[in-house]
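My entries follow in the order I made them.

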Amino acid sequence: MADSNFIDYVKFCSRSGAGGAGSLHFRREKHVPKGGPDGGDGGRGGHIVLRGSSQLWTLLHLKYKKHVIAESGKSGEGGRRTGADGKDVILEVPLGTVAKDAETGEVRFEITDDGQEVILTRGGRGGLGNDHFKTATNQAPHYSQPGESGIEEWIILELKLLADVGLVGFPNAGKSTLLSSISAARPEIGDYPFTTLVPNLGVVSYRDDKSFVMADIPGIIEGAAEGKGLGIRFLRHIERNSILLFLIPADAPDIKKQYRILVEELQKYNPELLDKKRILAMSKADMLDTELMEEMRQELPTDLPSIFISSVSQYNLDKLKDLIWQAIHAD
């Protein structure tokens, strides 16, 4: 995903089609001097529909769509002919897309499955023709229904990446390097803060042709939940990860403190994030010897599994995969 192409938020005006008017019509045939009402119904207005697509990873294709307008239904005709329905507008979106009302912030629904279709803005119903209103006492009704108006509303679509594992850590913790080492993903890597400007996904191969999806979330800093740095923009993606892999470099001045700050930022953003399973990995362990690792292990948090790894030397990466796989499939 190139920086300029990853779009995870769009806002647009969604306008469904109006229903067609019912027909006010009477039979007029030779040798039928008193033909009755035969006005047909109007067609339904077009819906605005969201459809999930596993081939999409971004909302880029909707970035410049400020107005999405569906077709109105056609009016009914004589001979009880129903007007054509307005054509639906189908917007394909990546899995993990959440639809919200822009004015109230209310979440309407989430698209989670490939091919899943949900009506976002419903088209107006077509009006009934005068054929529906004939009775024994009113055999020639001179009225029919107008079509129902379409709906116009402002909608927000937010993408929350669906992944099994979300990498959480400060800038330069080695998240992108880890992802590139154990998957086919090729995120940008550098020795300066905020190398990762967009989330990256990678499929990690496991034993017996099994696999899981890992997401590299841009670095969180202290104060991210209040809007500092890049973290607040991407914290939403962590909500959809089933496991959080905290990555802290082994040369950090205080590993326990860094872990605590990361946990606090997640809690401020959404306390439910702390209910997710967690694993702590210390990166850049190739600079440590066994004795120093054992000494450092005594200082690590004890309420979650921890492991020393090195993405460069591949040290303990298979054991890390084992830990992740066990966490994914634990009860």
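**Strand pairing and confidence**

I began with strand β2 (residues 48–53), which pairs with β4 in the parallel sense over six bridges. For the record, strands are DSSP runs of E with at least two residues, numbered from the N terminus, and two strands pair if DSSP finds at least two bridges between them. Within this pair I found V49 opposite I90 in β4.

I noted the ground rules next: this is a predicted model, in which local features need pLDDT of at least 70 and side-chain atom pairs count only at pLDDT 80 or more, while totals for chains, interfaces and linings use all residues. Residues are numbered from 1 along each chain as its sequence is written, and side-chain values use heavy atoms, with hydrogens and water left out.

Which sheet holds these strands? I looked up the order and got β4-β2-β7, an open sheet of three strands with mixed pairing. Its edge strands are β4 (89–94) and β7 (117–121), and each pairs on one side only. Neighbouring strands of this sheet are turned by 35° against each other on average, direction ignored; the axes behind that angle are lines fitted to C-alpha atoms, and angles run from 0 to 180 degrees between N-to-C directions.

I then went to β11 (residues 211–216), which runs parallel to β9 (residues 163–168) and is joined to it by three bridges. G166 has A215 in β11 as its bridge partner. Strand β10 (residues 200–205) also pairs with β11, in the antiparallel sense and over six bridges. There I found G202 opposite M214. The hairpin of β10 and β11 has five residues between the strands, and D208 in that hairpin takes a positive phi near 55°.

Is E158 buried or exposed? I located E158 in strand β8 (residues 152–159). E158 counts as buried because its relative accessibility is 11%; buried means under 20% relative accessible area and exposed over 50%, with partly exposed in between (1.4 Å probe, protein chains only). The side chain of E158 makes a polar contact with the side chain of K100, at 3.4 Å. A polar contact is a pair of N or O atoms within 3.5 Å; within protein, one must be able to donate a hydrogen and the other to accept it, and residues adjacent in sequence count only if both atoms are side-chain atoms.

Last, I checked pLDDT, the predictor's confidence in each residue, from 0 to 100. The protein chain has a mean of 83, and 86% of its residues reach 70 or more. Over residues 187–197 pLDDT stays under 50, and the model has 33 contacts beyond four places in sequence for that stretch; contact means heavy atoms within 4.5 Å.

Technical notes:
Helices (H or I, at least four residues) and strands (E, at least two) are DSSP runs, numbered from the N terminus.
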